[in-house]
Every structure is written in structure tokens, then in C-alpha cells.
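Here is a short report on one structure.

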Number of protein chains: 2
Amino acid sequence: MGQQAKQAALVARRASTEEKNRALTKIAEAITEATPEIIRANAVDLKEAQAQGLDAPSQDRLRIDAKGIASMVAGLEQIIALQDPVGQIKDTTIRPNGLSIGKMRTPLGVIGMVYESRPNVTVDAAGLCLKSGNAVILRGGSECIETNRILSECIQRGLMAAEVDPSWVQLVKTTDRAAVGQLLKLDEYVDLIIPRGGKSLIERVATESTIPVLKHLDGICHIYVHDDADLRMAEALIMNAKTHRYAVCNAMETLLLHQNLPESFVQDVVTQLIAAGVEVRVCEETHARLKPSTDVTLAVDEDWVTEYLGPILSIKTCAQLEAAIEHINGFGSQHTDSIVTRSIEASQKFIREVDSSSVMVNASTRFADGFEYGLGAEIGISTDKLHARGPVGLEGLTSEKYVVFGAGQIRE
Amino acid sequence: MGQQAKQAALVARRASTEEKNRALTKIAEAITEATPEIIRANAVDLKEAQAQGLDAPSQDRLRIDAKGIASMVAGLEQIIALQDPVGQIKDTTIRPNGLSIGKMRTPLGVIGMVYESRPNVTVDAAGLCLKSGNAVILRGGSECIETNRILSECIQRGLMAAEVDPSWVQLVKTTDRAAVGQLLKLDEYVDLIIPRGGKSLIERVATESTIPVLKHLDGICHIYVHDDADLRMAEALIMNAKTHRYAVCNAMETLLLHQNLPESFVQDVVTQLIAAGVEVRVCEETHARLKPSTDVTLAVDEDWVTEYLGPILSIKTCAQLEAAIEHINGFGSQHTDSIVTRSIEASQKFIREVDSSSVMVNASTRFADGFEYGLGAEIGISTDKLHARGPVGLEGLTSEKYVVFGAGQIRE
């Protein structure tokens, strides 16, 4: 598979945007036509999942209906509409000797995707890799194998209908765990591994892989409310970032409050959170500012480094902006952090000094997402610092090479 | 050292361009003042190198005189003159909901440099890391330890004179080989390892490191002469790329010739190369086109994948452009490759399909260099595909985070 993918990548890298869009269109058609087949295969996976006693949220992630299939197809159509990054030349400069030097976007080569549950990842990843001129080897979870097999068959049909090499997209069809280990060592053929799934999967991949990994670990996101914040805005942002959805990486896990914020505001926010069903854990300073009857617990050290992924929030009072930045850089996960303030100076300091992949001013952390950022779709969110940070779309699946145009210049 | 570097990086990341330039100026002054001390320390290293029987080229790389020191200082002055990439925001878009989303350049954090010989790397690396807002841990070769110690002392004096944290730049003062192994495992504190030196050093670093490595392996560079090339231009480029300097990574190692090029041209080029002292190894097809008396040998498979780093050149005849591209992508090292042609179509195909960090048209491969590209100075040349390809300057020591400006937007 590695060899085939590498061969396919050589062709994929020089495919025109038209060819790639045609293949994407054909894949979308094949998926739409196969809707009943996909639903049948998914039912087999679901039955097996129930038999195995998979928990309800995992079953939910696995389930796919006609609406879900239509939304996969809509995702492909969005990818078709995206601008092709490959071949773009930018930053061109002319050197004193007349050489013209620029940077051209090129595909990475072969991407390995290792993921769990959600069958839409199969289609999203195939679409994004194809559009960016990369070949891809997909390794979905064993719980989803029947659904993935039929989806991959649709992709194959589409690629063949478009008369391109079907090895552009390959699915590992075995559910053997050892196959992942093998994939992670294919450094001769695979240029980048992207894991998507729970923390243990990502940690396993990062440890075992001899190939560079674009990884997304925790999302311990913060909102910091500065003393000059618009308090109504702050309240709305806090409620949205915490309660809009719990099990997502861009939900807020820790709220930081400037010590000068009015007690009534602090009380209000906590009361609202509790009313929404959120368990609130506070530092001692925050505790002292709340009515004794408020149903909160004291946070422990562990709380500041925990991604709850659920209806729990920790709250800490900070003496000033600097303390908030220090807390975020020290205890956060470099994912997404937001300040609520009216001050240009405070906001500039915050965006400059907070070392996270997304730093926001007066916006909900929930916006850290490829669709919301206008990337069209995301293949993942990177909490690494090299190559790509934050939501990764088409551009993150490419890199830049230098292109130099001369007229016979030699180096003296 | 890792902890101190991480602490220092937090401050370095928010230093203003003025502060950083001031520190660089003070370092340059300290080095100039210490010229006699540096030369004395270098003499100790040289004497030891002779006693150890180090080969002449290595001794050359180690040697530093007043002129060499002045050129280090000039390098720092060039870095001072470079634009500070940190804090630049680009690609800002306004989303339909009014969110403004852009990308801001930020330092990586802590860089670990592992290098051999050339003491100027100590000063270059310190300068580039400092200007890009990173802290750095330097680990030079044991053969250069006395020179590096005094250079690092000058750097410390400069940092202190500028009243900034001297831990921005730290030198590993022990020559213990195990210290490198320890540095390569400091993934909690170090964000990127950059090795510079021979292939065995780079391979060791890449294998042992648990930190991402920006590596530069072979430079198997090609020139391909298309059938419509300006033959005088081709000759000049070939001679420059092969004979200007032999032991550099951007020297040409394999020459590819279109089969329709005139025999007289082929003969001419080979004769000139031989006259310049280059050993020429040719494929059978090329051999058949040369006068039998020509002093060449037949190339073996090994030749196409060898970085000679010396006065040897392999030559292969290609049936057409596609064969040349295939040879380069198959046997090259993705470093630097150049086409000589008058055809827009051939040049466009070449720059699009050759998967190398620098792809050139009508220019000598010798130009693949940070100074020649206008980066000011380079910390290395990357033959990796992720993060940065080709010569790496200040920008390669940074990455981009998303910055999002809102007015209280929440996600529905």
C-alpha cells in the first residue's frame, strides 16, 4: 500500500484542479447512489457495537443516516469549491543579480490518517487529501469497518469513473491492531501521519511513529475577563464557550476573572452556570467573593490541567492581565484562549503573549474550527508548533518549495 | 538548562525588535573586543586537533582569524538589519459573522542546535534565534570547545550589557557525548532540534531525538539540459555548479542531458570538466556519444544516489524531459535541481513536478543558500517537507498562530 500510495502521489501532485474536482464530483455521486448500501453497512457496525457494549456516545458518533450521508456529500462539494493551493507562487523577490526567487505550494506526498469512530472522517480526509494533491492511506476504527469499507468502495468507484489512479485513496481493510503499528513505520513512503480520536490513540501514534505526526492533544481552553470588559458580552461568551457543547476540544474548561470585576458579576455568572447544569470548581479567592450558599467546590491543582470534556468548569481569580497570561501559558494546552476586554493595549498584549494556536479577543472559543475560520473543512486541529497550528485545512496539507528563475546566472 | 531556556523563551517571545537589536549590537561589540582572546582559544583547539590527527579540511573549518571574527560580527550586523518576523499578521479575512481572522508569526520557543566544527555557527545561530524571539541551547563539537566557550562568554557579556536574561543563549560546556543524547530527549523544554554537520551526526540526531528535527541530509543536486537550451549558458552553469566549490551541498552531483543535444556539446562539456580536474562517470548512452579516447568511466547504479562532495560528476542521457524529472524524483535528495531551457512549457513542467526544496530555471544550483536568497543568514537547509523546505532563515524559526478579533460573537 505504501509503494502504491507513493506512486499515486507522483501523479496526484501534478493533477490539474479540474481533474481533482472531477474526481471529487464522481466520488460524491458514487456516495449518493450508494446511500442504501451505506446505511445497511452502518447497521451492521452498530449491531456489533451494541453487542460489544460500546458506550452510547461512541455509538452516536458511529451512526450515520441519509442526512449524515447528504452532509458528507455537501462536505465534498465545499471542498470542490475551495481554491486549489497547489502551484500558487508567492513572496517573489528579485535579487540584485536578477534572480527571481519565490515560494510555490506543493503537496506533501502521502498522508496517513489514523482515526476512530466518525465515518465522515473517511470522506472528509479523502476529499481534502485529494484536493491538495496528496495520496492518502486511511485507517479507521475497527468499530466502523463495514461502513468504512463501503465508503472506500464508493471512493474507488468515483476515482475510476474519473479515470484517475484509484490508489490516490486507500483504506486499510483489516481491523488488526498491528496494522497501525506497521503504518506508523512506513517512513519511506508516508510523509505525514494525522491521528484523530481520543487522547490514548494520539499518544500511541506520537510515540510509535517514525513519521512526523500532526497531533492534537488536549483542548484546555480559557476565557479571561479583564477588569474593563463589557460584562454582558462576557456573560454571553462564557455561557456559549462552556455550555454550547461539552465534549468538544474548543469548549472552555477554565475561566479566569480579573480581581476587580464586581462581585455581583461573579455571582451572576456562577449562578447561571449552575442553573445550566455545570459543576463549578473555584479557587479560594473566587470562593471568598461568592455568597456562602453558592453550590460550588474548591478547585484542586489537578483542575487547572484537566480537559473536562463535560459540564464542569474551573474558575480562578487573577490579580492582573499578566497573571492570566502566565496561567494560560503554564497550565493551558496551547489550543484556544480568549480575552474579553475593551482595551486595545490589553488585547494586543494578550494576543502577542499567549502562546496558543488560536488567540481570540471578544469571541467564543467555540469558533476555533476549520469551517468557522473559512478553511472549508479541517483535517484536524494542531496543537503542535511546527508546520501548522490550529485548524488544518488544505494549506496545512501542503508545504512551500523555492522556485528560482534565472537567465544563466552563475555564482562568483 | 532546559528549564532556564524555557523561562528565557517566555521573555524572549515578547521582546521588542529594539530590545533584540540592542542585545545583538552588544554581542557584536563583545566579540570585537575579545578578538585576541578568541584567536588564543582557537589556537588551543587547533593544537589539540593537530595532536588528535584531525584531517586538514576539518582543521580548516575549525580555524578562525581576525578576518573570520570580523565576518561573524558582520553577520550579526546583517541580522540586526533584517525585518523582525515576530508579530506580523497576515491573511486576515472577515467572516460573514464579522469575526476577523488572521495569522500572526510567533517564535517557536526553545531551539536546540547540535553542530560540528565551524565556530561561526555559534554566533550565527545565537543571532538568528535571538532575533526571532527564541531561546537557544548550543551544542558545538568537542574539537571546537575552547573557541565556543569564549564565543559563548562574549554572547553572555553582550546579553548582560543589554540587560536581558543571559539564558536566552546557553552553551553546553561539556564535551561529553552523552550530553547530546540528553539534549535530544528534552521534549518538555525544547521545541526544535537543528543539527548541522556530517551525515552521521544528522542521522544520529534524527534517530535519537524525541523532539522534532529540522534536518538536512544529502545534497544530490542535478542540472538537466533540455534539447532547446542555450548551450553556452548550459556550459557556464554546468561548470559553475560542479567546479565552483566541491564540498558544498548545493554543488551538482549528476548532470542530465537530453538525448537530442549535439554530440559536440556533450564532448565539449566533458572535455572541460576533465580539464578542470573532475572525474566523469557516464551512462552507456552518453559513453556512446563521446570520442573513444575520452577519459571517462561507466557509472554504476550507486553513482546516481551518491553525494560525492568532491571532483566527481555522473552524467546520464535522458530520452525526454519526463525521464529527467523521473530520475530526479527517484534518485535525487529533494535538495536543489535546475533545468536549462528556453521553453516556458518545459520550465513550468519542471518547477511544478520536481519535488525538491529548490527548483531552478537557468540558474546554478550553487545559489541555493540563505544569503543568496535574501534571507540574510541561514540556520540550515531543510530537505524535510514539513514546516520549512530549503534554506531556513528567521521565518523558519517561527510559526503562525491564528488571531481572532470579535465584538462578542457567540457560536449558534
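## A parallel sheet and a chain contact

Chain A holds an open sheet of 4 strands in the order β5-β4-β3-β6, with parallel pairing. β5 (169-171) and β6 (192-196) of chain A stand at the edges with a single partner strand each, so one side of each has no neighbour in the sheet. On average, neighbouring strands of this sheet are turned by 20° against each other, direction ignored.

This is a predicted model: local features need pLDDT of at least 70, side-chain atom pairs count only at pLDDT 80 or more, and totals for chains, interfaces and linings use all residues. Residues are numbered from 1 along each chain as its sequence is written, while chains are lettered from A and ligands numbered from 1 in the order in which they are written.

Helices (H or I, at least four residues) and strands (E, at least two) are DSSP runs, numbered from the N terminus. Two strands pair if DSSP finds at least two bridges between them.

| Strand | Partner | Sense | Bridges |
|---|---|---|---|
| β4 (residues 135-139) of chain A | β5(A) | parallel | 3 bridges |
| β16(A) | β13 (residues 358-363) of chain B | parallel | 5 bridges |

A:Val136 has A:Val169 in β5(A) as its bridge partner. A:Gln409 has B:Ala363 in β13(B) as its bridge partner.

Now the contact between chains. Chain A gives 57 residues and chain B gives 57 residues; two residues are in contact if their C-beta atoms, placed from the backbone, lie within 7 Å. β16(A) gives the most to the side of chain A that touches chain B, with 11 residues.

Key: Axes fitted to C-alpha atoms, helices over the stretch in contact; angles between N-to-C directions.
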